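User: Please take a close look at one part of this structure, namely the sulfur-bearing side chains that might pair. Then place that part in the setting of the whole chain.

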Amino acid sequence: MSAGAHAGALLPPPAPAEGGTTVADLTEETLHAILRRLTPADLLRAALACHRWRRAASRALPRAPPLLGYFFHPLTPAEPPPSPTSDKTHHPAVFVPLDAASPLLSLKLTPTAARGLSIQDVHLGLVLLLHHPRPQSLLPRILAVDPASSLRVLLPPPPRGALPGDRWRGGRSVIGVAVLSRAHPSRLSFDAVCLTVDGDLPRAWVATVRDGDCAWRALPRAEGVIVDFDPWWFETRCVHAAGNIYWHICNSSRLLQLDPRTLEFSFMPVPAVLGDRHKKYRIGEMPEDGRLCMASILDDEDLQIWVRGKPRWSDRGWFMEREMCMTKVLDTVPGLPKDRIGRMICTWLSDVDYAHTGKVFIRTWGYGRYSFHMETGKLERLVMEDGKEYGDPMYAYTLAWPPEFLAPQDKLLG
C-alpha cells in the first residue's frame, strides 16, 4: 500500500454538508409512501422506531393480515393404487414458514401432548386443538394456543348445568370446534363454538374466554335445520369464508353454515352440477376480493371456480366465473395415470387456500400433494425435507390484525 493511500485510509469521514437532508426531514406523504413498500414484518419493525413512524405505520398497514406460514399434520406418502389412500399414522402438528423472512412459530407442545392432539381450527391468530382420537359423543376439552405470543389456555368441557335436563347426552354427536371472534389481538380473550348434533338438529355450545377464564352457554337446537343423515358424514374441521363458518358434508349437495354474529345455522346449497354428482368441491374466498366461492375439479380435467351471486342463469345462486383445463398441468405429475378413469380415482381437490394466495391444493393417491396457482399455472409439489407430505388440511396462519400497538382502541377485534 502506498503512503498516500495509507494516509487517506486514516482520514476521518467527511462531515455532512450544512443543510443536508435527514430522515427527520421526510414529509408525511413521503414517509407513508416508503413504509407502504415494506414487507409487513419490516413495517412492524419500522413502527418501533419512534412515535412519528408508529403513526405513519398505522396508516400504511395492509388491510389483510400477512400470511406467516401453514400449520398441518404431516402425512406419510401413500403408495399408488391398490394400496390404502393414506397412512393412518397421526403425526404431531408442524409449522412451515412462508419464506425465510417469516418467523419460525411453534405450538410448543411436549412430545406426548403433540402426539395426542389434533388441530381443528386456525383463525384470528389462534389455534384450537382437540384430543386425538376422541369419543364422538363426549363434549371435549379444547386447547387454545396463540403461537405468536406463546399464550395458551385449556378450556374445560361444558359443565352439566350448561344444559338443564340434557336428554341428548347419550346420543350426541360432537362434530368440531371453531373460533368465533377475538376480543383483543394480544390476549386470550375470544369466543369459540363447539358444534354438536343433538338428535337430528345442530346445536352451538359457545365458550366465552376472557384472559383465560372460560364460561360456557348452550344455545337451543336449530329448529328446521334437520340433519337427516348420519352425522359421521360431517367433516370435523370447518372453513371460515366471507364472514361465515362452514362444515362440508361428504357426498352431499349442501354445506352446514353458521353465522358467527347471530349464531344461526342453515344449509347452503352447492351448484347442482357439483353436489348432485357427488363431486369433491371446496368452499373458500376469491383471492382478489374475498367473495364466497366454490372450487372443484370436474371430469378430472377442468378446474371450475363458482361465485355466489344471483344472475338469472345461476345454479342455486352460484355462477361459474372461471374454468381452467388441468389436463396438461396434471400430465406433469410423475407417474400419474393418463387415462380418465385412473386419473379420476387418483386425483382430487383438497382445499382453496384460505390465505388469498390464488392457490388451490390438490391431493393424489400415491403421486404426491401439490399446490396450483390459478394465475400463473404453476404446479408445485408440497413435500418436507424428511420426505413426508404436507398434511390435509393446511391451515394458513396469520396474526390477529391489526397489532395492538398500532390499532386505535375502537379498531380492536370484536
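**Cysteines and their setting**

Analyst: Cys214 counts as partly exposed, with a relative accessibility of 27%. The model is a predicted one. How far is the sulfur of Cys214 from the closest cysteine sulfur? The closest one belongs to Cys194, and the separation is 11 Å, too far for a bond. A disulfide requires two cysteine sulfur atoms within 2.5 Å. Cys346 presents another case: its closest cysteine sulfur is that of Cys325, 18 Å away, again too far for a bond. Cys346 is buried, at a relative accessible area of 2%, whereas Cys214 is partly exposed. Under the 2.5 Å rule, the count of disulfides is zero.

Turning to the chain as a whole, the protein has 414 residues, of which buried residues make up 50%. Eight helices and 23 strands are assigned. The C-alpha atoms fill a box of roughly 90 × 60 × 55 Å along the principal axes. The accessible surface comes to about 20,700 Å², and carbon and sulfur atoms account for 56% of this area. Among contacts with a sequence separation of 6 or more, 50% join residues 24 or more positions apart.

Two sites illustrate such separations. Leu258 is found in strand β13 and is buried, at 0% relative accessibility. Leu195 is 63 residues from Leu258 in sequence, yet their C-alpha atoms are 9.7 Å apart in space. Leaving aside residues up to four places away in sequence, Leu258 touches Leu180, Val193, Asn244, Ile245, Trp247, Leu263, Glu264 and Phe265. Leu263 lies in the loop between β13 (254-259) and β14 (264-269). Leu263 counts as buried because its relative accessibility of 16% is under the 20% limit.

Arg316 is the other site, located in the loop between β17 (302-308) and β18 (318-325). At 35% relative accessibility, Arg316 counts as partly exposed. With residues up to four places away in sequence set aside, Arg316 touches Ser253, Pro269, Val270, Pro271, Ala272, Asp276 and Arg308. Arg316 and Ser102 are 214 residues apart in sequence, and their C-alpha atoms are 41 Å apart in space.

Further backbone features also belong to loops. Asp211, in the loop between β9 (201-210) and β10 (213-218), has a positive phi near 50° although it is a residue other than glycine. Asp211 is exposed, with a relative accessibility of 54%, while Leu263 is buried. The peptide bond from His132 to Pro133 is cis, its omega being near -10°. Pro133 is placed in the loop between β4 (126-131) and β5 (142-146). A cis peptide bond also runs from Asp392 to Pro393, with omega near 10°. Pro393 sits in the loop between β22 (379-381) and β23 (395-398).

In helix α4 (residues 51-60), the buried residues are Arg52, Ala56, Ala57 and Ala60. Viewed down the axis of α4, these buried residues fall within an arc of 130°, so they line one face of the helix. They pack against α2 (28-36) and α3 (40-47). The face of α4 turned away from this buried side carries His51 and Arg55, which are exposed.

Met344 has its place in helix α8 (residues 340-346), and its relative accessibility of 37% makes it partly exposed.

Technical notes: Residues numbered from 1 in each chain as written. Predicted model: local features only at pLDDT ≥ 70, side-chain atom pairs only at ≥ 80, totals over all residues. Heavy atoms only, no water. Buried < 20%, exposed > 50% of the residue type's maximum accessible area, 1.4 Å probe, protein only. Helix = DSSP H or I, 4+ residues; strand = E, 2+ residues; numbered from the N terminus. Arc of directions from axis to C-beta. Contact = heavy atoms within 4.5 Å. Areas by Shrake-Rupley, 256 points an atom, 1.4 Å probe, with all protein chains shown as cover.
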